[in-house]
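The points below may be read alongside the sequence and the coordinates.

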Amino acid sequence: MLGFPSSDAIASTTPPRWGRRRHTPSYARRGMVASAHPLATAAGLRVLANGGNAVDAAIATALACSVVLPAACGIGGDLFAIVADARDGSSAKPLAFVGSGIAPRNTTIDFMREHGDDGGRVLAQQGPLSPSVPGLVDAVFSMLDRLGTRSFGELAADAIDYAGDGFPISVPGATAIANNAELLGRFPASAAVFLPGGRPPAPGSLFRQRDLAASIRLIADGGRDVFYRGELAKRIGDYLTANGGVLAADDFVDHETIIGPPLGTTYRGYNVYQTGLPTQGFLLLEALNIVEHVDVAKLGVDRAAGVHQLAEAMKLAFADRLRYTGDPRFVDNPLATLISKPWATRRHAAIDPDRAAEDVPAGDLRAGDTTYLCTMDGDGMMVSLILSVSAGFGSGVIAGNTGILLNNRAGHCFSLVEGHPNIFEPGKKTMHTLNCYLISAPDGTPVLVGGTPGGDSQPQWNLQTIGALVDGNLDVQAAAEMPRWSVWPGTYPIEVDNRPFELRIEDRYGEETLSDLAARGHRVVPGGPWTQGGAVQLIARDPETGALAGGSDPRGEGMALGL
């Protein structure tokens, strides 16, 4: 069963050559939550224990993450999710929720260039000019409207408590604040929260965000309209415009979450679903289609030949993303072609099995910081969900006394290159690195949800994780712990012109594999055994027994727990 230990693995007493930290998945029957922070996992688990379903638990977990993981996410950021509702039949079609907002309308590209970074080559990467309209709040209410059983206020209870009364901040959390103290110190409202008394909080100290707690209570009382058409929209807009920003309350008014079928392809018989535009979820689908042309199991998911094929497939997918995709309201996107099997056949023909590509053009169309969580309930409903403020601490700007830390998605992700499909335009949504996936069995039964934070590394690490599960026959915990690599650069405008390609890789692969990759022409940049980052979370379900297996990445501080 996908994600569960095989009988061979159970019988073997030989650990994988690359070692593990946690030797077994977590198991449960009545429900499970996997997230990047223990307190967030606990919040979702409480909802399941009290009779809530997987959507309710996912929302409670996401709201808690928005408080206890402020470097990664918040209600000033975006949210994407895929939900499979098995209550009305095991092969129910998944539904995607795409929650990101527009760039400011009341500006011009010339103004944004004039006030950009790197001599105007890119937009302002952080600060008051970098946010887009946050999509998380509307996405949460959209999920509740369609599939939830609890109120926002009930599901926000733990988040409000963690924000108002405080929570003991962990070593990673305190370190993240300390490492970003210069950015946070630029803005008085941000410094007041994150640098009380002029210093970062010490690990284990109570970290409070009372203004944020008050804002979440306002949303609980007044619904999404408070955030998009009421008091909070006005306060955020007024603060930004008074401090050099151009995002205004009027930009919030007509925001809505895109709801519909996810994108999908097949891989070795499994159905793999991903979030659609403006996310770059299609990159995973395109890459899976490309590598399906080789026997990755035989090459080895943790050997040079297998790594080479996956890395080259990602380069091709990145090139197509950069050449062809943008906000579908502004740009014609050839998605049907890019995730098709014939396109993958043509793109795979460009891979030299023995040599890394130096320059990777897009295909010819004539003949594209964060946290992830997942939940399941005892009825088989499952949620794959990702949320983010973009870079670490987003824009760095807390909008005055709202306590809401705003994203920097517009500044971080739009291009300023003329003719680029993702070029900045007022009122446009930028292409988005966030994506999450859901897998169903060949008969359509949903069996696994998974994902990871990591910017442009997300589709790469998701590709490696699915390869580990399907081709490597690893369980969910082993797949989360497998050594990782990432091709750099990917798609961020601040990085994309920095060539040549590098293959950044953990040294747990072993010297033989690293040397083989270098011999194939990869610019190998080895790191320590757990340095690639990310925080993979996975939950698998056996449709015959209803048993759940959860895996949580030890590179982070999260966990998978069940009932």
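1. The model under discussion is predicted.

2. Leu 385 belongs to the largest nonpolar core, which has 85 residues. Together with Leu 79, Met 143 and Phe 194, Leu 385 touches the most other members of that core. The element that gives the most to this core is helix 3 (residues 54–68), with 12 residues. Another core, of 64 residues, lies apart from it and includes Phe 4, Ile 339, Val 360 and Ile 505.

3. Attention then turns to the loop between strand 11 (382–388) and helix 20 (409–413), where Ile 404 is placed. Ile 404 counts as buried because its relative accessibility is 0%. Residues touched by Ile 404, not counting those up to four places away in sequence, include Ile 75, Leu 212, Phe 227, Leu 232, Ile 236 and Val 397.

4. Phe 393 lies in the loop between strand 11 and helix 20. Although Phe 393 is not a glycine, it has a positive phi of about 65 degrees. Its relative accessible area is 1%, so Phe 393 is buried.

5. A positive phi, near 55 degrees, is also found at Asp 118, a residue other than glycine. Asp 118 sits in the loop between helix 4 (109–114) and helix 5 (136–147). With a relative accessible area of 47%, Asp 118 is partly exposed. Most residues other than glycine have a negative phi, and most peptide bonds are trans.

6. Two cis peptide bonds deserve a check. One runs from Leu 277 to Pro 278, with omega near 10 degrees; Pro 278 is in the loop between strand 9 (270–274) and helix 15. Another joins Trp 488 and Pro 489, with omega about 0 degrees, and Pro 489 is in the loop between strand 14 (485–488) and helix 23 (493–496).

7. How do the helices pack? Helix 15 (residues 282–291) and helix 17 (residues 304–324) meet at an angle of about 135 degrees, and their axes are 9 Å apart. Helix 15 is therefore oblique to helix 17, and the crossing is right-handed. Among the residues making the contact are Phe 282, Leu 283 and Ile 290 of helix 15, and Leu 310, Met 314 and Phe 318 of helix 17. The contact residues comprise 11 nonpolar, 1 polar and 3 charged.

Technical notes. Residues numbered from 1 in each chain as written. Predicted model: local features only at pLDDT ≥ 70, side-chain atom pairs only at ≥ 80, totals over all residues. Heavy atoms only, no water. Axes fitted to C-alpha atoms, helices over the stretch in contact; angles between N-to-C directions. Helix = DSSP H or I, 4+ residues; strand = E, 2+ residues; numbered from the N terminus. Parallel < 35°, antiparallel > 145°, perpendicular 65-115°, else oblique. Left-handed = near helix turned anticlockwise from the far one by under 90°. Contact = heavy atoms within 4.5 Å. Nonpolar A, V, L, I, M, F, W, Y, C, P; charged D, E, K, R; others polar. Core = buried A, V, L, I, M, F, W, Y, C linked by side-chain atoms within 4.5 Å. Buried < 20%, exposed > 50% of the residue type's maximum accessible area, 1.4 Å probe, protein only.
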